[in-house]
Amino acid sequence: MKTQVESETNLKVGGYIINPTTKIPRDILIAFETATKELIGANYKPLILVGTQLVHGTNCKFIALKTIMNRSQLKSLVEIVIHVPLPTEKEKPVVMSDSIKELMTEYEDIDGGWSIVGSTCSYPQRVASALPLFARAGYTPLICAAQQVVAGMNFMIYCSNVDILNPNKRGLVSITIYQNLKGELFINRIENLL
C-alpha cells in the first residue's frame, strides 16, 4: 500500500527521479567523466541524464554515446548507470557492474541501418514542426537519437513524459517517427524506457 507522499509524488523507495531537461549538473558530469575514464577500449559521451536514484549515495542513469576505439570507430547509444558515493566516503564514482546496456548500434555501411544523431538541440525541420504536438500530449523531446533511411526517413526521439492524469508521474520514452516521401509525419512506435 502506497503512503500519501508516494501517491502524491510518484516516489517509491529505490525508484528513479526522472530528469525533465537535457541539462546535466556539473558535479554529475564530473562523476560521469571520472567513472568512464577507467573503462578501456571505448570512449563515452553523456547525452542526457535520464534520472537519479537515491541509495547509499546516488545512482545516475544516462543515455550516452559509446565509441569503440579501433579503426572502425563503431558507435552505439547506450544506457549506463554511474554510482556516486556519499560525500563522506573516500570512494570515486564508478560504473555499476552490468549496467551498460546497448540501445542501438550505428551501421552506416548497411542499407537501412540506423545513423546515430545524438543531438539535444537540433531536430530535422519536419520533425521540429511536430514537437509542439508532443508537448500537448505530455512528451518533452530531449534528444534526436538516430535516423534511418527507408522509403522516406525514420527518426528516433527520446522524450520525458508526464502522465496527463498524474502530473507528478514522469517517465522516459522512445518515439519513432516516420516521414514518408511526401513529407508527411506518422508516429510508428512509442516505447516506454523508464
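Colleague: How many bridges join strand E3 to E4, and do the two run parallel or antiparallel?
Modeller: Ten bridges join E3, residues 57–68, to E4, and the two strands run antiparallel. Strands here are DSSP runs of E with at least two residues, helices are runs of H or I with at least four, and both are numbered from the N terminus. Two strands count as paired if DSSP finds at least two bridges between them.

Colleague: What sort of model is this?
Modeller: It is a predicted model, in which local features need pLDDT of at least 70 and side-chain atom pairs count only at pLDDT 80 or more, while totals for chains, interfaces and linings use all residues. Residues are numbered from 1 along each chain as its sequence is written, and side-chain values use heavy atoms, with hydrogens and water left out.

Colleague: Back to the hairpin of E3 and E4. How many residues sit between the strands?
Modeller: Six residues lie between them, and in this hairpin Gln73 takes a positive phi near 50 degrees.

Colleague: And which residue is the bridge partner of Lys61 in E4?
Modeller: Val81 is the bridge partner of Lys61.

Colleague: What other strands do bridges join to E4?
Modeller: Strand E6, residues 101–105, is joined to E4 by four bridges, and the two run antiparallel. One partner pair there is Ser76 with Thr105 of E6. Strand E5, residues 94–95, is joined to E4 by two bridges, also antiparallel. In E5, Val95 is the bridge partner of Ile82.

Colleague: Is E4 mostly covered or mostly open?
Modeller: Mostly covered: eight of the ten residues in E4, which spans 75–84, are buried. Buried means under 20% relative accessible area, exposed means over 50%, and partly exposed is in between, using a 1.4 Å probe and protein chains only.

Colleague: Let's step back. How many helices and strands does the chain have?
Modeller: Three helices and eleven strands.

Colleague: How much of the chain is buried?
Modeller: Buried residues make up 42% of its 194 residues. The accessible surface of the chain comes to about 11500 Å², and 55% of that belongs to carbon and sulfur atoms. These areas come from the Shrake-Rupley method with a 1.4 Å probe, and for residues only the protein chains shown count as cover.

Colleague: Which residues touch the most other members in the largest nonpolar core?
Modeller: This core has 16 residues, and Ile63, Leu77, Met104, Ile143, Met156 and Tyr158 touch the most other members. Two or more residues each come from strands E2 (42–55), E3, E7 (114–119), E8 (139–150) and E9 (152–163). E8 gives the largest share, four residues. A nonpolar core is a set of buried Ala, Val, Leu, Ile, Met, Phe, Trp, Tyr and Cys residues joined through side-chain atoms within 4.5 Å. In soluble globular proteins, nonpolar side chains tend to be buried together.

Colleague: New topic. How many salt bridges does a search of the whole structure find?
Modeller: Four. A salt bridge is a side-chain nitrogen of Lys or Arg within 4 Å of a carboxyl oxygen of Asp or Glu. One of them joins the side chains of Lys61 and Glu79, at 3.7 Å from N to O.

Colleague: Why does the pair of Lys61 and Glu79 tie parts of the chain together?
Modeller: Because Lys61 lies in strand E3 and Glu79 in strand E4, the pair ties together parts that are 18 residues apart in sequence. Lys61 is buried at 11% relative accessible area, and Glu79 is buried too, at 13%.

Colleague: Where do Lys66 and Glu102 lie?
Modeller: Lys66 is in strand E3 and Glu102 in strand E6, 36 residues apart. Their side chains meet in a salt bridge at 3.0 Å, N to O. Lys66 is buried, with a relative accessible area of 14%, whereas Glu102 is partly exposed at 38%.

Colleague: Which residue forms a salt bridge with Glu191?
Modeller: Arg189 does, with the closest N and O atoms 3.3 Å apart. Glu191 is partly exposed at 35% relative accessible area, and Arg189 is partly exposed at 42%.

Colleague: Last one: is Ser160 buried or exposed?
Modeller: Ser160 is buried, at 1% relative accessibility. Ser160 is found in strand E9, and its contacts beyond four places in sequence include Ile18, Pro20, Tyr139, Leu142 and Arg170.

Technical notes: Contact = heavy atoms within 4.5 Å.
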